[in-house]
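Here is my note on the model. Please read it with the structure open.

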Amino acid sequence: MRKLVSTVLVLSVVALAGCASEKPLSEAEQAAQYGMTVQRYREEKAAAARMNMKFEDHMKTMMGDGMQMDHGNMQ
Ligand SMILES: [Cu+2]
């Protein structure tokens with residue numbers, strides 16, 4: 001529950017920041033957007049690359065309530 005609240009909070013902050021700037025998000029900002037650590041973000045990005053998926057599509061699938069992806073070597 002606490003994690004959900006902080007995720008929503010971070011998403012609003014990122015959304016507001018996004019309106020003010022057209023700059024691409026930094027790794028830390030994108031990690032925050034998905035409520036994960038930078039290390040986890042890099043791992044997911046690498047996983048998406050291995051799957052030839054865009055990171056956004058990869059995360060949508062991961063966060064969706066539908067099928068779960070099998071990443072094989074994920075710990
Ligand atoms: Cu994936």
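1. Which pattern does the protein chain follow, read along the sequence? The order is α-α-α-α. That comes to four helices and zero strands, where helices (H or I, at least four residues) and strands (E, at least two) are DSSP runs, numbered from the N terminus.

2. This is a predicted model: local features need pLDDT of at least 70, side-chain atom pairs count only at pLDDT 80 or more, and totals for chains, interfaces and linings use all residues. Residues are numbered from 1 along each chain as its sequence is written.

3. Of the 75 residues in the protein chain, 9% are buried. A residue is buried if 20 or more other C-beta atoms lie within 10 Å of its own, exposed if 12 or fewer, and partly exposed in between, with C-beta atoms placed from the backbone.

4. Helix α3 covers residues 38–50. Its 13 residues should span 18 Å at 1.5 Å a residue, and the end C-alpha atoms are 18 Å apart, so the two agree. The expected span is 1.5 Å times one less than the number of residues.

5. Which residues of α3 are buried? Y41, E44 and A48 are. They cover an arc of only 65° around the axis, so they sit on the same side of α3. The arc is that of the directions from the helix axis to the C-beta atoms. Q39, A46, A49 and R50 are exposed on the other side of α3.

6. The buried residues of α3 pack against α2 (27–33) and α4 (55–63). Contact requires C-beta atoms, placed from the backbone, within 7 Å.

7. Just after α3, N52 has a positive phi of about 55°.

Methods: Two residues are in contact if their C-beta atoms, placed from the backbone, lie within 7 Å.
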